[in-house]
Amino acid sequence: MKRRTFFGLASAAGLSLAVSACAPMGGGQPDIVDIAASNEQFATLVAAVTAADLADTLKGPGPFTVFAPTNAAFDKLPAGTVETLLMPENKDMLVSVLTYHVVPGAVTSDQLAGTRTSVATVQGQDVHIDGRHGVRVNNARVTQADIMASNGVIHRVDTVLLPK
């Protein structure tokens with residue numbers, strides 16, 4: 001299947017993402033960073049987002065779709081990888097890895113169900129999404145979908161996505 005943006009994917013599915021992307025996600029809901037910070041499963045992700053100075057961006061209006069790796073996902077990386085990424089001299093690499101987990105727009109699992117496509121991340125490279133049997137993003141499985149935030153949606157994944 002040819003490459004599409006999430007906006008193209010939404011159109012292909014007969015959905016109006018442009019309308020949903022402009023609509024508020026809900027008054028009084030916490031934002032993406034607040035939700036992640038309140039869940040111990042995302043402690044490593046929150047530390048990485050903080051080290052990369054991306055917290056203010058992810059607290060912004062968005063909307064964003066974040067494929068959020070858990071602590072267990074980070075633990076699957078080779079020994080020392082997380083510590084190396086968190087070093088100040090590796091900030092650019094850390095930003096690249098983290099922004100590879102973010103797609104513009106708020107996309108829910110029902111918009112991905114039954115589809116197979118590639119979409120551009122904020123980092124610039126594509127991720128491959130297969131929504132035919134659950135949802136997979138590259139080699140990561142979405143283990144909890146549709147965690148709604150005031151500025152987007154979080155999908156918990158079991159593997160850290162690494163750009164090429």
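Author: The side chains of R132 and D130 form a salt bridge, 2.7 Å from N to O; the term means a side-chain nitrogen of Lys or Arg within 4 Å of a carboxyl oxygen of Asp or Glu. R132 is partly exposed because its relative accessibility is 44%, and D130 is partly exposed at 22%. Buried means under 20% relative accessible area, exposed over 50%, and partly exposed in between (1.4 Å probe, protein chains only).

Shared partners in salt bridges also join D31, D34 and K59 into one network. Within it, the closest N and O atoms of D34 and K59 are 2.7 Å apart. This pair links distant parts of the chain, 25 residues apart: D34 lies in helix α3 (residues 32-37), and K59 in the loop between α5 (55-58) and β1 (64-69). Helices (H or I, at least four residues) and strands (E, at least two) are DSSP runs, numbered from the N terminus. D34 is partly exposed at 35% relative accessibility, and K59 is partly exposed at 35%.

Another salt bridge joins K91 and D53, at 2.4 Å from N to O. K91 belongs to helix α8 (residues 91-99) and D53 to the loop between α4 (43-51) and α5, so the pair links distant parts of the chain, 38 residues apart. D53 counts as exposed because its relative accessible area is 54%, whereas K91, at 30%, is partly exposed. The structure holds 5 salt bridges.

This is a predicted model, in which local features need pLDDT of at least 70 and side-chain atom pairs count only at pLDDT 80 or more, while totals for chains, interfaces and linings use all residues. Residues are numbered from 1 along each chain as its sequence is written, and side-chain values use heavy atoms, leaving out hydrogens and water.
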